[in-house]
Amino acid sequence: MHELVAEVWRGDFLESVHHGSVVAVDGDGRVVFGVGQPAELSYPRSSNKPFQALAMVRSGLDLDGELLALASASHSGEPFHIDGVRRILAAAGLTEDALQCTADLPLGEQAKADHLAAGGHAAPIYMNCSGKHAAMLATCVANGWPTSNYLDADHPLQLAARAALEELAGETVGAIGVDGCGAPVFAITLTGLARAFGRLAAAPAGTPEHRVARAMSRHPEWVGGTGRDVTDFMRGLPGAVAKDGAEGVYAIGLPDGSAVAIKIADGSNRARPVVLVAALRRLGVDVRAVEAVADVPVLGHGQRVGEVRPAFVMAVA
């Protein structure tokens with residue numbers, strides 16, 4: 001299914017390779033180029049979060065700015081993230097006890113170290129998905145929906161999330177699983193994921209789609225965190241909407257409606273920014289502001305001795 005997309009060089013020796021699939025679409029959603037099998041189903045994992053947030057806004061979620069970005073986030077668990085989650089819950093008359101996401105430690109390495117040094121432990125609020133879960137609960141409260149089973153695939157909230165993804169992707173969900181946080185995850189094609197991101201990023205002002213895209217692009221530190229490449233992509237490419245996902249998924253939409261989606265077949269993250277920048281460059285995007293994000297070194301004795309390089313020829317559709 002997948003093709004070679006990245007090489008890991010240690011000095012002048014090719015040590016490892018990553019296979020995967022890549023697709024880019026133009027502002028009309030037409031495939032410009034692809035690698036591997038972008039028409040095959042895959043789980044977007046956390047790259048689905050902007051569309052879950054969209055469904056919540058359409059259902060009456062009263063959030064904007066950084067808190068709406070947090071609803072779309074895989075946050076690093078920095079203090080301002082945790083404070084934001086508590087603010088969302090408090091506005092809905094809830095506490096963190098209502099969260100049903102998996103107990104975890106902060107995702108960010110420094111945030112995790114600081115948390116443990118202070119005697120902290122794993123809890124749902126520190127999980128990277130807690131902003132999304134807090135917003136899901138707030139949406140349920142706003143609609144009078146039950147909160148006890150908000151993660152069920154047939155709950156009105158999850159049905160709305162599925163419908164939003166299908167609408168923007170232009171295709172029907174092909175499979176339903178359980179994501180790492182406990183919420184349903186919906187399988188679509190990489191091509192559908194790219195189209196969905198392009199439509200989100202180019203949505204007209206005043207629409208729910210534009211609200212989500214604007215919140216993410218204007219508050220990228222709330223979507224990721226300090227040192228996170230997803231934050232750096234949105235800072236470096238004004239108006240872009242980017243979201244990383246587990247198991248090697250990444251997607252980015254641009255203000256003109258063009259977009260890229262990738263999947264690294266082995267599920268690792270180190271090749272994702274390298275492949276994404278290479279695909280954006282092939283799409284004709286000026287990537288000078290984000291080239292540093294694609295600089296992924298290979299270390300030996302703590303020193304740089306090589307790097308991860310893109311390694312694919314993208315076929316034009």
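Trainee: Why is Trp222 called buried?

Mentor: In this predicted model, Trp222 has a relative accessible area of 10%. Buried means under 20%, so Trp222 is called buried. Trp222 sits in helix H9, residues 220-223.

Trainee: What makes a residue a contact of Trp222?

Mentor: Its heavy atoms must come within 4.5 Å. Leaving aside neighbours within four places in sequence, the residues in contact with Trp222 include Glu66, Leu67, Leu70, Phe80 and Arg87. As for Ile252, its C-alpha lies 16 Å from that of Trp222, and the two are 30 residues apart in sequence.

Trainee: Let's look at a charged residue. Is Asp179 buried or exposed?

Mentor: Asp179 has a relative accessible area of 12%. The cut-off for buried is under 20%, so Asp179 is buried. Asp179 is placed in the loop between strand E5 (175-178) and strand E6 (184-189). Beyond neighbours within four places in sequence, Asp179 is in contact with Arg45, Ser46 and Val185.

Trainee: You mentioned E5 and E6. What is the order of the strands in their open sheet?

Mentor: The order is E4-E6-E5, and the pairing is antiparallel. Strand E4 (41-42) and E5 each have a single partner strand, so they stand at the edges, and one side of each is left without a neighbour in the sheet.

Trainee: How do you know that E4 and E6 pair?

Mentor: Strands pair if there are at least two bridges between them. E4 and E6 have two bridges, in the antiparallel sense, so they meet the cut-off. One of the bridge partners to look for is Thr189 in E6, which faces Leu41.

Trainee: What makes strand E8 largely enclosed?

Mentor: Five of the five residues of E8 (residues 249-253) are buried, so the strand is largely enclosed by the rest of the structure. Val249, Ala251 and Gly253 point one way, Tyr250 and Ile252 point the other way, and all are buried.

Trainee: Which strands pair with E8?

Mentor: Strand E7 (residues 241-245) pairs with E8 in the antiparallel sense over five bridges. Strand E9 (residues 259-264) also pairs with E8 in the antiparallel sense, over five bridges. Pairing needs at least two bridges, so E7 with E8 qualifies, and so does E8 with E9. Find Tyr250 in your view: Tyr250 is the bridge partner of Asp244, and Tyr250 also has Ile262 in E9 as a bridge partner.

Trainee: How many residues lie between the strands in these hairpins?

Mentor: The hairpin of E7 and E8 has three residues between its strands, and Glu247 there takes a positive phi near 60 degrees. E8 and E9 form a hairpin with five residues between them, where Gly257 in the turn has a positive phi of about 90 degrees. E2 and E3 form a hairpin too, with five residues between them and Gly29 in the turn at a positive phi of about 85 degrees.

Trainee: How do you know that E2 and E3 pair?

Mentor: Four bridges join strand E2 (residues 13-25) to strand E3 (residues 31-35), which run antiparallel. At least two are needed, so they pair. Val22 has Val35 in E3 as its bridge partner.

Trainee: Stepping back, why is the protein called as compact as a globular protein of its length?

Mentor: The secondary structure comes to 11 helices and 12 strands. The radius of gyration is 19 Å, close to the 20 Å that the globule rule gives for 317 residues, so the protein is as compact as a globular protein of that length. Of those 317 residues, 55% count as buried.

Technical notes. Residues numbered from 1 in each chain as written. Predicted model: local features only at pLDDT ≥ 70, side-chain atom pairs only at ≥ 80, totals over all residues. Heavy atoms only, no water. Rg over C-alpha atoms; globule rule 2.2 N^0.38 Å. Buried < 20%, exposed > 50% of the residue type's maximum accessible area, 1.4 Å probe, protein only.
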